[in-house]
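Hi,

Here is the structure I promised to pass on. Have a look at it first, and then read my notes below.

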Amino acid sequence: MGTISSAINLITSALNADQAALDVTSNNVSNASNEAYTREVPNWSENQPIYINGEAIGSGVTVTGGVSQRDRVLDQRLDQQQQLSASSTSLLSALTTLQDNFTPASSSSTTGDIGTDITNFFDTYTTLESAPSNDADRQAVLSSATTLASDISRTAASLNAQQASLDQSATTVVSQVNTLTTALAQVNQQIQSTSPNSDAGVLEDERQSDLSQLSQLIGINQVTTEQNGMSVTTTGGQLLASEGTAIPITSGDVDGVTHFYLGQTDITSALASGGGQIGGILTARDQSIPTTLASLDQLAYGIATNINTVNNAGTDLDGDNGNAGNIFNAPTQVAGSAAALTVVMTDPNKIAAAGIGDGTGDNSNAVAAANLAKQNIIGGETPSNFYSNLVSTLGSSVSETTTENTALTASVTQLQTQVSSLSGVSLDDEASNLELFQRAYQAASQVFSILNTVYASAINIGVETAVS
Amino acid sequence: MRVDPFYVAVNLSGALDQTQATQQQLSQELSSGLRVSTIGTDPVAAAQNVTLLNSVDQDDSFTQTTSLTQGQLQVTDSTLGSVVTQLNQALSLADAANNGTLNSTDLKSISNQLSGIRDEVLSLANTAYQGVYLFGGSQTSGAPFTLDSSTSPATVTYNGNSDVNTLVAPTGQSIQLNIPGNQVFTAATANVLGTLNSLVADYANGTAGSGVADTTALNSALNYVSQQRVTIDNSIGQLTDASGAATEQGTQLTTVQTDLMQADIASVSTQYSLAQSQQTALISVITALGQGSLFNKL
């Protein structure tokens, strides 16, 4: 059988519980705009009933704090998708910069276009065919050669500069990764000591926020360990943080390019394919740009060596037979040819338009040079077709990455919606809860007030007015 | 299921960004008139653009080259025309000298006239066009023919060579640009200058009938020069045709290139207006959804 005082105790616990619930709501509203915050709901638990003469009598309610509403599998899924998306975004941004070096020429705007330069260069040889000893036509060959060489070398320089700046960005990203893994290791330690068996609430929010930021930067795998600890590895499987210990990524210079290491292992190429910003940056630095640059080198090498060979196989205006000299600087190897391409000939008389042994008015060597434009002299292609292939290869990779990026961004948004629908603070929800808990509190205080009156009646049995 | 409370902030504003990006891209297409402004937009078109522009430029450049070359060939042609006129004149003088009615003074006078014609033909054979001697083969920097009058008959030396220059059209056709002087003026079978020298010598001493054989030779030399002229006429014809073909091909390819790269203004404008409507709609939705929360009603 219950007593009035037990009823008062019981309703007091309800008042406490309602207050605790109101606290949870206040906290949710306070953090409504905090991206890292996970919505909490009050954890109501009914107090153990008291059994008197075999009869269960309720003993009120307790709120034991708020419980974060999270799905760690879903969070992890979002992180993984975020890694892929961040990688493709940073690759796309690098490729967009890269493709600006190869803006398509139009019939009205051809400045700086290598394709046009190639055509113009060989065209000046065609013009020279008609007047092999004409000084202006000879000068035109040299000036078109200079334009071609400077546009190719300028493009190569721009590619090299972009590569260097990506190298710098990679180093910056890695230092951010190291900061985050250190923070993650600290949170791991705190979680393991404070909440080894349950959701760590705010600390877990912090850990998830670290993981989400890491996922923007680098591809990672997360493994939950004992006592709610966590280990994080790169997608290649190298440890970045093992519970309370962070393992920093170190860097070192290899042939002017920064390589990254975990311990003694070179993880550079694993990072490139692993995801996150660093993945896109390293893919652009180590694959996209070198591929384009190699094609440009091949083009520069092919044109320079073939034209030099032809020029040294004819007779120039000064009568030099077979030793007229080089028009372009002679490249010693394919690599680096584009950046180094220059015109070394200054005297237009040294252009060998005539065949060996023929008079200086002969044009057979100019015909041979002009014909190079139609011959498969570079990688089995004509110079113009080779450049066309370079454009289509790079363009296709930009186009593919754009499509891929759109798809990945959409899937990230979708997952984010799923996560937010579970974990995001809805102000409407909170307003309705606030009303609910306020009403509950009001009801409980009303009960308390009535019980108080009942108690007074009990104290003043017979004397109605002594205690009120 | 619970809805995403950040739907407006994340998804709708993301969609708004997207429509703005679309509008930016479309307005760029409208202002530049180009559909493919970066190679990533349409890699295949960008690659075709390179080869198309290459062909268009080649055609353009060839057309310009031919207009210069036409000048040279026309000068060659008219020079050979003048040579033919001179030779006809020489032939009628020789015929007159051979009919046996002229006395030795007249014959000497004819010899002098023929000598004048020989000098004229020699000067025509040494014609230069823009500093280039037309009949020197590939030895174009010096006069190809020199006369030595110290002997009788006088001798003419050819200083050029037998080289023939050709111009290669974009179609691959080779067009002959010159006839070497030794082929026109001092050919073994029809030696124009040699025959003229002989005729001058024949009549110089006033002997009638001494130049009959040389007159016959001059007649065949005249025919031979006319034949050589046909070669140059053919080249002029070929060059005109090739230039016309290059111009036509250039025009066609320019059309193809323009179609390939140019923005379809009507379609872009429609898309732009669509994107604008979508933007307006999105802004309305965001405004409506963003109007406070349940807290306003408490």
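How far apart do the C-alpha centres of domain 1 of chain A and domain 2 of chain A lie? They lie 64 Å apart. Before I go on, a word on what you are looking at: this is a predicted model, where local features need pLDDT of at least 70, side-chain atom pairs count only at pLDDT 80 or more, and totals for chains, interfaces and linings use all residues. Residues are numbered from 1 along each chain as its sequence is written, while chains are lettered from A and ligands numbered from 1 in the order in which they are written.

On confidence, the model scores ipTM 0.87 and pTM 0.88. Chain B averages a pLDDT of 90 (the predictor's confidence in each residue, from 0 to 100), and 100% of its residues score at least 70.

Back to the domains. Domain 1 of chain A covers 4-69 + 424-459 and domain 2 covers 78-413; these bounds come from an automatic or database domain assignment. Five residues of domain 1 are in contact with five residues of domain 2, contact meaning that the C-beta atoms, placed from the backbone, lie within 7 Å. On the domain 1 side there are three nonpolar, two polar and no charged residues. Here Ala, Val, Leu, Ile, Met, Phe, Trp, Tyr, Cys and Pro count as nonpolar, Asp, Glu, Lys and Arg as charged, and the others, Gly among them, as polar.

Next, the two chains together. The contact takes 54 residues from chain A and 52 residues from chain B. H10(A), residues 383-423, gives the most to the chain A side, with 19 residues. Helices are DSSP runs of H or I with at least four residues, strands are runs of E with at least two, and both are numbered from the N terminus. That side of chain A divides into 15 nonpolar, 33 polar and six charged residues.

There is also an open sheet in chain A, with three strands in the order E9-E10-E11 and antiparallel pairing; two strands pair if DSSP finds at least two bridges between them. Which strands stand at the edges? Strand E9 (250-254) and strand E11 (265-266) of chain A do, each with a single partner strand, so one side of each has no neighbour in the sheet. E9(A) pairs with strand E10 (residues 257-262) of chain A over five bridges, and A:Gly252 has A:His259 in E10(A) as its bridge partner. Helix H4 (residues 135-194) of chain A packs on the sheet, touching E9 and E10 of chain A.

- A:Leu15 is in helix H1 (residues 4-30) of chain A and touches A:Tyr441, A:Ala444, A:Ser445 and A:Phe448, not counting residues up to four places away in sequence.
- A:Asn228 has a positive phi of about 60° although it is not a glycine. It counts as buried, with 21 C-beta neighbours inside 10 Å (buried means 20 or more other C-beta atoms within 10 Å, exposed 12 or fewer, partly exposed in between, with C-beta atoms placed from the backbone).
- B:Gln130 also has a positive phi, near 50°, but B:Gln130 is exposed, with 12 other C-beta atoms within 10 Å.
- The peptide bond from B:Ser152 to B:Pro153 is cis, with omega near -5°.

Cheers

Notes. Two residues are in contact if their C-beta atoms, placed from the backbone, lie within 7 Å. Axes are lines fitted to C-alpha atoms, for helices over the stretch in contact, and angles run from 0 to 180 degrees between N-to-C directions.
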